[in-house]
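Thanks, everyone. I have one structure to walk you through today, so please keep it on your screens as I talk.

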Amino acid sequence: MTDPTPPGTADWAAASRLIRVEEQLTSNEWVPKLWQSDDALLLPIDSERRIPVSPSGDAVRFIRPTGDYDSQRHFLLGHLDGAPRFVTTMEWQDAQFVGSGTVVAASLRDVAANLPDAHRDVAIAAVAITNWHRNEPFCPRCGTPSEVLKAGFMRVCRQCHNEYFPRTDPAVIVAIIDPDDRLLLGRQSSWGKRVSVFAGFVETGESAEQAVHREMAEEVGLGLREVSYFGSQPWPFPRSLMLGFVAYTTETEISTGYEISYADWFTRERLERELAEGTIDIPNRSSIAHRLVTAWRTGSL
Ligand SMILES: [Zn+2]
């Protein structure tokens with residue numbers, strides 16, 4: 001199975017250019033020294049979780065770190081193009097950005113599809129790590145405020161000595177294809193015109209494949225065969241990793257569960273016609289749902 005990633009669509013399968021520096025993060029000297037280095041760059045995220053981007057949304061914009069390094073607020077994402085990239089939460093509207101040109105505030109949801117892969121990786125890691133610190137400042141066991149270590153990638157409770165790390169919640173998203181090569185698309189009632197393939201979280205103690213079978217039985221009442229892995233996509237809202245699968249079924253009778261308001265089988269001709277008529281919409285380019293639909297549309301599944 002190939003993933004015919006169209007031009008301009010995010011490539012999640014190649015190695016990231018953002019080089020994580022896990023082994024050096026525990027050094028009390030190394031990270032503050034990087035903060036002071038001439039080539040260090042800082043991505044500021046404002047209190048509404050917006051990131052600074054170029055007006056066309058095709059590049060993340062950075063500032064130079066200033067002042068002393070604060071281990072509780074300044075988090076090191078890694079190196080990109082040889083330069084250390086930090087992130088912090090701060091109001092940045094009056095900040096001096098590196099390079100020329102206007103800077104605008106954007107939600108990652110709106111610009112992820114346009115960003116080059118390396119900038120997208122930095123932005124997603126930045127939103128994910130700042131989300132974690134914002135949402136989980138206390139020890140979940142004893143309630144004491146925990147302390148940030150490892151340049152932002154660990155918290156420790158000084159009271160009960162437990163250590164905490166940023167977590168990722170796996171979810172499965174599945175393109176289901178019937179014997180006539182039709183794709184199952186549907187929506188929840190809140191989605192408006194958008195239709196998509198179906199998704200759900202992996203439950204505790206469950207494999208991803210088991211989650212595929214369970215979720216699709218719950219959501220659309222279909223038994224599946226030939227479940228195969230397609231690809232993945234991180235999505236920090238709030239902390240998911242979407243695991244894409246393709247599944248075939250011999251059953252065509254759909255029985256929607258409580259989450260799904262509409263589901264139906266689409267031929268390629270029907271999908272093209274309804275998109276052209278504007279009666280439906282499909283997920284945007286940054287999503288793995290888009291990649292799954294596109295792979296089926298182009299006959300690559
Ligand atoms: Zn504790």
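How many Å separate the centres of domain 1 and domain 2, taken over C-alpha atoms? The answer is 33 Å. Keep in mind that this is a predicted model.

Where are those domains? Domain 1 covers residues 22–164, and domain 2 covers 169–297. They do touch. Six residues of domain 1 are in contact with seven residues of domain 2. What is the domain 1 side of that contact made of? Five of its residues are nonpolar, one is polar, and none is charged.

Now the overall picture. The protein has 301 residues, and 33% of them are buried. There are six helices and 14 strands. Along its principal axes, the C-alpha trace spans about 65 × 50 × 30 Å. And look at the contacts with a separation of 6 or more: 67% of them come from residues 24 or more positions apart.

Let's go to single strands. Start with β1, residues 41–45. Is β1 buried or exposed? Five of its five residues are buried, so β1 is largely enclosed by the rest of the structure. Check both faces. Leu41, Leu43 and Ile45 are buried on one side. Leu42 and Pro44 are buried on the other.

Which strand does β1 pair with over five bridges? That is β4, residues 83–89, and the pairing is parallel. To find the spot on your screen, look for Leu41, which stands opposite Arg85 in β4.

Three strands make an open sheet, ordered β6-β7-β8, with antiparallel pairing. Why is one side of β6 and of β8 left without a neighbour in the sheet? Both strands, β6 at 147–149 and β8 at 163–164, stand at the edges, and each has a single partner strand, so one side of each has no neighbour there. Strand β7, residues 154–156, is joined to β8 by two bridges.

Last stop: β12 and β13. The link between them is a hairpin of four residues.

To recap: two domains, 22–164 and 169–297, with centres 33 Å apart, taken over C-alpha atoms. Thank you. I'm happy to take questions.

Note on methods: Residues numbered from 1 in each chain as written. Predicted model: local features only at pLDDT ≥ 70, side-chain atom pairs only at ≥ 80, totals over all residues. Buried ≥ 20, exposed ≤ 12 C-beta atoms within 10 Å, placed from the backbone. Contact = placed C-beta atoms within 7 Å. Pairing = 2+ DSSP bridges. Domains from an automatic or database assignment. Nonpolar A, V, L, I, M, F, W, Y, C, P; charged D, E, K, R; others polar.
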